[in-house]
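Please look over the model below before reading my points.

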Amino acid sequence: QYVQQNASVAQRQLADTAGFEPVKVLKVCQLDYGNPYADQQTMSIYLRDWRNENDRITLWHEYLHLALRFHPNGKNETYIEQAARLLAQS
């Protein structure tokens with residue numbers, strides 16, 4: 001629900017970002033252990049939680065890996081992390 005409620009804000013903020021493609025169908029799955037990640041084949045994000053600020057940064061970080069999957073910035077961890085922090089503050 002958090003992503004759905006905030007996706008329009010994220011899309012407006014990222015509209016001018018080269019390579020950005022909004023993720024139309026997204027699954028967010030709970031991860032019991034291990035590191036959070038995004039699966040581009042299933043368009044799924046796996047993470048432990050989303051309720052605190054660090055978790056929201058992680059959620060947006062993984063979302064951006066999906067939304068920028070066809071652009072070189074989609075693999076640029078520094079760029080992704082900076083953008084995720086901005087989205088989590090919105």
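1. Basis. This is a predicted model, with local features needing pLDDT of at least 70 and side-chain atom pairs counting only at pLDDT 80 or more, while totals for chains, interfaces and linings use all residues. Residues are numbered from 1 along each chain as its sequence is written, and side-chain values use heavy atoms, with hydrogens and water left out.

2. Core. The largest nonpolar core has 22 residues. Such a core is a set of buried Ala, Val, Leu, Ile, Met, Phe, Trp, Tyr and Cys residues joined through side-chain atoms within 4.5 Å. Buried means under 20% relative accessible area, exposed over 50%, partly exposed in between (1.4 Å probe, protein chains only). Trp60, Tyr63 and Leu64 have the most contacts inside this core. Two or more residues come from each of helix 1 (2-14), strand 3 (44-47), helix 2 (53-67) and helix 3 (77-89). Helix 2 gives the most, with seven residues. Helices (H or I, at least four residues) and strands (E, at least two) are DSSP runs, numbered from the N terminus.

3. Trp60. Leaving aside neighbours within four places in sequence, Trp60 is in contact (heavy atoms within 4.5 Å) with Tyr2, Asn6, Ala7, Ala10, Ala84, Leu87 and Ala88.

4. His61. This residue lies in helix 2. His61 counts as buried because its relative accessibility is 10%. Its side chain makes polar contacts with the side chains of His65 (3.1 Å) and Glu77 (2.9 Å). A polar contact is a pair of N or O atoms within 3.5 Å; within protein, one must be able to donate a hydrogen and the other to accept it, and residues adjacent in sequence count only if both atoms are side-chain atoms.

5. Aromatic pairs. The whole structure holds two. Tyr37 and Tyr46 are stacked, because their ring centres are 4.7 Å apart and their planes are at 15 degrees. Trp60 and Tyr63 are edge-to-face, at 5.3 Å centre to centre and 85 degrees between the planes. Both Trp60 and Tyr63 are buried. Rings of Phe, Tyr and Trp (its six-membered ring) pair if their centres lie within 6.5 Å; planes under 30 degrees apart count as stacked, over 60 as edge-to-face and the rest as tilted.

6. Helix 1. The buried residues of helix 1 are Tyr2, Val3, Asn6, Ala7, Ala10 and Leu14. Their cover includes strand 1 (27-30), helix 2 and helix 3.
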